[in-house]
Amino acid sequence: MHESGTIYRSNRLVNWSCALRSAISDIEVDKKELPGRTLLPVPGYDEKVEFGVLVSFAYRIKGEKAEVVVSTTRVETMLGDTAVAVHPEDPRYQHLIGKVCVHPFVDRELPIVPDSFVDREFGTGAVKITPAHDHNDYEVGQRHNLPFITCIDDDGNISPGCGEFSGMRRFDARKAVIEALKKRGLYRGSEDNAMVVPICSRSKDIIEPLLKAQWYVKCDEMARRAVAAVESGELKLIPDYHVATWNRWLQSNRDWCISRQLWWGHRIPAYFITVTDGKTPAGDPCDDHYWVSAHSEEIAIQKAAKKFNVDPKFIKLKWDEDVLDTWFSSGMWPFAIMGWPENTSDMQLYFPSNVLETGHDILFFWVARMVFMSQELTGKLPFKEVYLHAMIRDAHGRKMSKSLGNVIDPLDVIRGVTLAELNRQLTSGNLDAKELAIAQAGQARDYPKGIPECGTDALRFALLAYTSQGRDINLDVLRVQGYRFFCNKIWQAVRFTLMQLGSDYKAEPFKISGKESIMDKWILSRMAYAVGRCNAEMDGYNFTQFTTTLYEYWLYDLCDIYLEAVKPVIASGTDEARKVAKATLYHCVETGLRLISPVMPFLSEELWQHLPRLATHPPSIIVHAYPETSEYPFANEKIEADVAFAMSVIRTIRSLRSDYELTNKTKTDLYASVSSEEDHRCLTSLIPLIETLASSNKVEVLLQSKINPESIPSGCAHVTISSRCTAYIGLQGIINVERELVKLAGKKEKNEAQVAKLLEQQNRPDYEEKVPLPVRIANSEKKEALLIEMKSIEAAMAALSG
């Protein structure tokens, strides 16, 4: 890349982190917007430093009493000023163009130059020019051939040659310069100024633009190719809303500084050439012509001798001490690990890859650089798709920060940790006493009982369940704990299955026998749906829907309904019914474990190893084929609709029973009145399911057109489920009707009192003005809920009275 001119050396302004003593790239700079005067912490300074202030001071015109007032937010850089710029059409300063100002602290004259970049409306309309410390001033300096004077060194101290300020720290010098200007009568005041402060994303230091000879990569052509790859669909970014950001960044991309002044990293394979033949002039380290790149010093000597057409004995080399930017090195990772530049078998088999999964925060740090380097060096994209996952924040949506005490260590979630241990972990960091107190208070507020042990599979499942197309995750540990309970549910379901199958059960390839019950056909249909949806959502990277499907299949379909429905069949059914039910149960559980294996590998492996095995099964679920939609042709929409109708009846009956505080052990008679022959057939066929799940002694399904006074006994509570069905449960002899009526009357009276109180508040003349909107909305919702409950109570009282 160096020999082709894509990598080159240049002396220009870089983003310098004084804390790191290294240059950093543009995308490693955080831009903090300030509304005005703001105190910010700076590494190495005990007190916070003031930013967002525009300081005005005067430069005197040489040989005159006149002066030019300039404004700056970085007054310490005036020590490196080499000119004052004004707009060529600004009538206030046209008579001063060509004159010079006298620097008050160093022996330097500053010419007044005309330049159209000056904003006449900003500040005084006159701008101090510091070419070695400001990007705009750098360009002005080049246009007007000004001296480039560095007044701040690599450590952030004022350079030698700056008078009384030399050796001071830059922000200490800021205060000292202002005081010195005041003493000389040159200070003209300060005012708040909204500005953007560049901050190093790694060290949190204030970035200092410094003039450095560095290595750069030309990015224009590589960026164009990367944009074109996404536009053509050759490279796919998921979620696709990142495409706009990708295009915007690449289309405004500047050349990339890849030199780093660090102790670690790949040392740049470049050598500075000195020719000792007595004819060739000495080179400047800033001049790319005097550099050669090579794999070794021996090769570099040969290249240098050829370049300058001299004998190798006249060549002396100095290896560059800088290292490559980490992202430059990691940008070559997709092909470097395959043996590049050799055309190895790994390169042929595995490059390019299919999918890269990473965080959207390093889309440009890493992903774009991999695309750059792969296209430049191999002519291929490194991958076909990029899945950009979400960033994890705390339960309140805040970025995780040690100073807030809201950093969640995955190991603590997996293993569990006490609040005392969480507090102790904070003391091992670098927080000061005040920050430590705030952080520990935050931990006590968020984790008063510590973090419960959740396990690896529950954490992985939770993170995927949270992931909604790359948006931020507000991680609530209690939700992770909920998925640990889900793991327990799966464990118990498989344990129950093994008990029902028995130790002598022999697994066989599943085939439809034609003797399956309605509930067998129903669970097979639900399993087919789960398989189809899991495959589709995984293919589309819709992990929230993928985990929802798994959760609903295991918890609602399998555990809550089918396992309950199959218990009486296995306990007391015919041999044939038991055989079919066991085969169905085994197939659904084994498939369910394979479906969930990618997200719960430990749990699924442990349980799968305990299941009876087919001879064709591999030794581990991890290498077992994932269930394919084509292998599960069991979809049956009609049966699913029938069971859904039956479940609506069951749920309503359960709710009614809870109103009367009936336990599952208290069995009641259930009468369901339906309006159509089809519904009568549907519920009649599912009477065993309704009896089991609705805790009923017996279930009778009646056609409304054939009901007579004797069909439904007195003393029943009734509830309308829908226009299709009304249900009755017999309560005679189960509850004390008179006592229940008194209890219901008391609840009704209490509700009426609460409604009356709310109405009294709402009818006050000043209610709308004095009561906040959220409180008014809450009061209205509470009143509606009470009225609905009262109607339910009245219906229950009417049923008992009848």
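**Strand pairing and helix packing**

Mentor: Strand β6 and strand β9 (residues 100-102) are paired in the antiparallel sense over 2 bridges; two strands pair if DSSP finds at least two bridges between them. Within this pairing, Ile61 has Cys101 of β9 as its bridge partner. Strands (E, at least two residues) and helices (H or I, at least four) are DSSP runs, numbered from the N terminus.

Trainee: What should I know about the model itself?

Mentor: This is a predicted model, in which local features need pLDDT of at least 70, side-chain atom pairs count only at pLDDT 80 or more, and totals for chains, interfaces and linings use all residues. Residues are numbered from 1 along each chain as its sequence is written, and side-chain values use heavy atoms, with hydrogens and water left out.

Trainee: Which other strands does β6 pair with?

Mentor: In a regular strand, side chains alternate between the two faces of the sheet. Here, β6 is joined to strand β12 (residues 187-192) by 4 bridges, and the two run antiparallel; Val55 has Ser190 of β12 as its bridge partner.

Trainee: How many residues of β6 are buried?

Mentor: Buried means under 20% relative accessible area, exposed over 50%, and partly exposed in between (1.4 Å probe, protein chains only). In β6 (residues 53-61), 8 of the 9 residues are buried, so the strand is largely enclosed by the rest of the structure.

Trainee: How is the packing of two helices described?

Mentor: Two packed helices are described by the angle between their axes and the distance between the axes. Axes are lines fitted to C-alpha atoms, for helices over the stretch in contact, and angles run from 0 to 180 degrees between N-to-C directions. Helix α11 (residues 419-427) and helix α12 (residues 433-446) pack at about 155 degrees, their axes 10 Å apart. The two helices are therefore roughly antiparallel, a label for angles over 145 degrees.

Trainee: Which residues make the contact of α11 and α12?

Mentor: Contact means heavy atoms within 4.5 Å. From α11 the residues include Leu419, Leu422 and Leu426, and from α12 they include Leu436, Ala439 and Gln443.

How values were computed: Parallel < 35°, antiparallel > 145°, perpendicular 65-115°, else oblique.
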